[in-house]
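This report describes selected features of one protein model. Please consult the sequence and the structure alongside the text.

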Amino acid sequence: MPFDHNDHYHRLLLRQVPRDCGAALDVGCGTGRFARRLAHLGIEVDAIDPSEEAIAEARVLSGRTADDRIPRFRHADVTEVELPKLHYDFISCLASLHHMPFGTVAALRDALAPGGVLVILGCCPEKTWLDWVWSLAAVPANAVARLVVTIKDKLRPAAAATGQERVKAPVRQPTVPLSEICREAAVLLPGCGIRRLLFWRYLLVYRSNG
Ligand SMILES: C[S@@+](CC[C@H](N)C(=O)[O-])C[C@H]1O[C@@H](n2cnc3c(N)ncnc32)[C@H](O)[C@@H]1O
């Protein structure tokens, strides 16, 4: 996949990291690309995923970089672990929330330190005409983006080969529509903002008042 929809939004997500962020958690980290970007900022990062293969690959890929700021990768299911309360300044969940009950966000909320930020890059199915309009609008933009990335990779084959993954993180089709996500989020994450993004994703941002 030359153009990854989750990776495309990394910069947008990094803009939500609070100033002086010391501790972060990446939930459903897969092979760890976003967790490594957080660690590269000098943040202490815990990154968890129940896929043994993905975590093993995340450790291998992190070992290959010259960077000594490496996330703590943990093979775990976030719905089964006890997260420390009021601890993290930043929690991210990229394309992974639809693998678990939406209510899991309550545990993530409680794990935020005062002033901490939870960001969810979410996936949801097309259910309404508006969903379909957004999806159709993304198709030509996606084709152009893929072409641009393919050309860049051809021009810089060495850079494209760096950090190539042998393992792909598990994927699942989303089932919960955006309207329901908005309803549940209003209860569990009061004051959060949710907006649609172009490439089949939504962005949810919640700030803890502490
Ligand atoms: C589509 S992948 C996304 C991986 C990564 N965040 C990315 O952006 O490339 C979804 C990830 O969520 C993980 N996942 C599924 N259920 C989970 C759970 N209960 N707790 C934590 N992670 C989970 C999967 O193993 C998978 O690695």
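## Basis of the values

The model is predicted: local features need pLDDT of at least 70 and side-chain atom pairs count only at pLDDT 80 or more, whereas totals for chains, interfaces and linings use all residues. Residues are numbered from 1 along each chain as its sequence is written, and side-chain values use heavy atoms, with hydrogens and water left out.

Helices (H or I, at least four residues) and strands (E, at least two) are DSSP runs, numbered from the N terminus. Accessible areas come from the Shrake-Rupley method with a 1.4 Å probe, and for residues only the protein chains shown count as cover. On this scale, buried means under 20% relative accessible area, exposed means over 50%, and partly exposed lies in between.

## Helix α3

Helix α3 spans residues 33–40, and its buried residues are F34, A35, R36, L38 and A39.

Just after α3, G42 takes a positive phi of about 90°.

## Salt bridges

Side chains of opposite charge can pair when their charged atoms come close. With a salt bridge taken as a side-chain nitrogen of Lys or Arg within 4 Å of a carboxyl oxygen of Asp or Glu, the count comes to 7. One of them joins D4 and R33, with an N to O distance of 3.5 Å. This pair links distant parts of the chain, for D4 is in the segment before α1 (5–8) and R33 is in helix α3, 29 residues apart. Both ends are partly exposed, D4 at 25% relative accessibility and R33 at 28%. D4 and R33 also belong to a salt-bridge network with D7.

R72 and E44 form another salt bridge, at 3.1 Å from N to O. Because R72 lies in strand β3 and E44 in strand β2, the pair ties together parts that are 28 residues apart in sequence. R72 is partly exposed at 48%, and E44 is partly exposed at 47%.

In the salt bridge between R196 and D131, the closest N and O atoms are 2.8 Å apart. R196 lies in strand β6 and D131 in helix α6, so this pair ties together parts that are 65 residues apart in sequence. R196 is partly exposed, at 24% relative accessible area, whereas D131 is buried, at 7%.

## A positive surface patch

R11, R15, R37, K152, R156 and R195 gather in a patch of positive charge on the surface. Patch members have over 30% relative accessible area and no salt bridge, and like charges are joined within 9 Å. Lys and Arg count as positive, while His and the chain ends are not counted; the charge is placed at NZ of Lys or CZ of Arg.

R156 counts as partly exposed because its relative accessibility is 49%.

## Positive phi in loops

Most residues other than glycine have a negative phi. D20, in the loop between α2 and β1, has a positive phi near 60°. D20 is exposed, with a relative accessible area of 75%.

W200 likewise is not a glycine, and its phi is positive at about 55°. W200 is placed in the loop between β6 (193–197) and β7 (201–207), and is partly exposed at 27%.

How values were computed: Patches are made of residues with over 30% relative accessible area and no salt bridge: like charges are joined within 9 Å, nonpolar side chains (Val, Leu, Ile, Met, Phe, Trp, Tyr) within 5 Å. Buried means under 20% relative accessible area, exposed over 50%, partly exposed in between (1.4 Å probe, protein chains only).
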